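Work through the exercises below with the sequence and the 3D view open. Try each task before you read its solution.

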Amino acid sequence: MDSQAPTIDITAEPRALKRALGEYRTPRLARSVLELTVTVIPLAALWLLMWGTLSAGYWLGLLFAVPAAGFLVRLFMIQHDCSHGSFFRSRTANDWVGRAIGVLTLTPYDLWRHSHALHHAHSGNLDRPRVGGIDTLTVREFRGLPRTQRLLYRLYRHPLVLFGVGPTYLFLLDHRLPVGFMRAGWMPWLSTMSTNAAIALLVTTMIWLVGMIPFLLVQLPITLLASSIGVWLFYVQHQFEDTLWEHDDDWTFHEAALHGSSHYDLPAPLRWFTANIGIHHVHHLCSRIPSYRLSDVLHDHPELRHIGRVSLRQSLASVRLVLWDEEQRRLVSFAEACRPVNGQVR
């Protein structure tokens with residue numbers, strides 16, 4: 001443990017904890033450049049390797065799609081750091097690196113930065129628009145819906161939709177228009193349309209170089225797998241049994257950040273590929289900490305490891321948790337929400 005690190009009393013108010021984390025906020029230029037380099041170069045190499053092995057059999061090339069998707073996820077996490085202004089000291093550097101990465105991740109950077117900031121500002125607040133997150137109803141809201149809408153919500157929360165169809169729609173189609181921000185001024189349109197133009201230019205160039213079919217055979221599996229992994233990570237970061245949701249009168253930013261976000265305790269290789277995004281409670285409490293310094297926080301203050309900890313096995317079980325029960329103050333399954341209480345169906 002770093003003897004110079006300030007002592008953090010996790011029993012104190014999370015507001016004081018955030019102040020104690022301030023020393024980790026400064027990005028290191030050499031480290032940031034290294035993180036970007038060791039992500040972009042292997043991704044490009046794996047792409048070329050997949051393309052080069054197409055003639056030897058497509059299934060062989062698909063094996064390389066898995067690590068390639070991992071590097072694309074990691075690239076998205078660097079873009080995520082840029083959106084928080086935490087990857088470089090310069091805002092200009094953050095924004096332009098973020099915009100460039102957004103072309104590869106099919107994400108309009110400026111619009112996503114705006115919607116993601118709304119997510120951070122209102123995460124866990126039952127009375128605010130749930131922008132930038134997984135739609136989650138309370139038991140009471142679900143029971144108050146007409147039958148058709150209850151069926152649609154069940155369909156939406158089905159794993160094949162949430163982690164299969166949903167991510168594909170989100171990154172390939174939804175991000176092509178400023179959905180939800182159509183009347184929010186020029187920024188959403190400029191961000192979306194400029195990203196679309198850059199994507200079209202890149203795709204046209206790649207098709208000219210390698211051909212349409214080879215390009216699709218290589219790029220589609222990487223994109224689809226990476227998008228599903230990305231949505232899964234975002235899901236686990238807030239959808240765990242003992243997360244925290246409050247109504248506006250009781251909601252505070254610091255409590256919601258620390259106790260409404262998980263510590264997704266992944267094996268070391270997966271922590272690296274996901275750029276420590278699993279240390280999400282610390283990230284939400286102090287989003288200006290660069291991703292490569294989040295592990296330093298846990299190293300210096302191991303007591304934070306146990307707050308909201310979710311293991312890989314536990315995360316798989318969380319898929320069945322679909323509704324917030326305000327009485328029990330935890331996420332529950334459809335079966336639990338409909339279970340009779342005192343002889344009556346809830």
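**Exercise 1: Salt bridges**

The count comes to 14 salt bridges, where a salt bridge is a side-chain nitrogen of Lys or Arg within 4 Å of a carboxyl oxygen of Asp or Glu. This is a predicted model: local features need pLDDT of at least 70, side-chain atom pairs count only at pLDDT 80 or more, and totals for chains, interfaces and linings use all residues. Residues are numbered from 1 along each chain as its sequence is written, and side-chain values use heavy atoms, with hydrogens and water left out.

Solution. 

Step 1. Take aspartate 110. Its side chain meets that of arginine 99 in a salt bridge, 2.8 Å from N to O. Aspartate 110 sits in helix α5 and arginine 99 in helix α4, eleven residues apart. Helices (H or I, at least four residues) and strands (E, at least two) are DSSP runs, numbered from the N terminus.

Step 2. Classify the pair. Buried means under 20% relative accessible area, exposed over 50%, and partly exposed in between (1.4 Å probe, protein chains only). Aspartate 110 has 13% relative accessibility, so it counts as buried. Arginine 99, at 25%, is partly exposed.

Step 3. Widen the view. Arg91, Asp95, Arg99, Asp110 and Arg113 are linked in a network of salt bridges.

Step 4. Go to arginine 329. Its partner is glutamate 246, with the closest N and O atoms 2.6 Å apart. Arginine 329 is in the loop between β4 and β5, glutamate 246 in the loop between α10 and α11 (253-259), and 83 residues separate them. Arginine 329 is partly exposed at 41%. Glutamate 246 is buried at 15%.

Step 5. Finish with aspartate 265. It meets arginine 309 in a salt bridge of 2.9 Å, N to O. Aspartate 265 belongs to strand β2 (residues 263-265) and arginine 309 to strand β3 (residues 309-311), 44 residues apart. Aspartate 265 is partly exposed at 22%, and arginine 309 is partly exposed at 40%.

**Exercise 2: The second largest pocket**

Solution. 

Step 1. Read the volume. On a 1 Å grid over the protein atoms alone, a pocket is an open set of points where a 1.4 Å probe fits, with protein on both sides within 12 Å along at least five of seven lines; lining residues have an atom within 4 Å of a point.

Step 2. Find the centre. Of the 25 lining residues, the closest to it are Trp47, Leu104, Leu202, Phe215 and Gln219.

Step 3. Assign the elements. Two or more lining residues come from each of α2 (29-52), α3 (58-83), α4 (91-105), α9 (186-210) and α10 (212-238). α10 gives the most, with seven residues.

Step 4. Sort by type. The lining has 23 nonpolar residues, two polar and no charged. Ala, Val, Leu, Ile, Met, Phe, Trp, Tyr, Cys and Pro count as nonpolar, Asp, Glu, Lys and Arg as charged, and the others, Gly among them, as polar.

**Exercise 3: A glutamate in a helix**

Task: is glutamate 35 buried or exposed, and which residues does it touch?

Solution. 

Step 1. Glutamate 35 lies in helix α2. Its relative accessible area is 10%, so it is buried.

Step 2. Glutamate 35 touches Arg74, Ile78, Phe87 and Tyr292, not counting residues up to four places away in sequence. Contact means heavy atoms within 4.5 Å.
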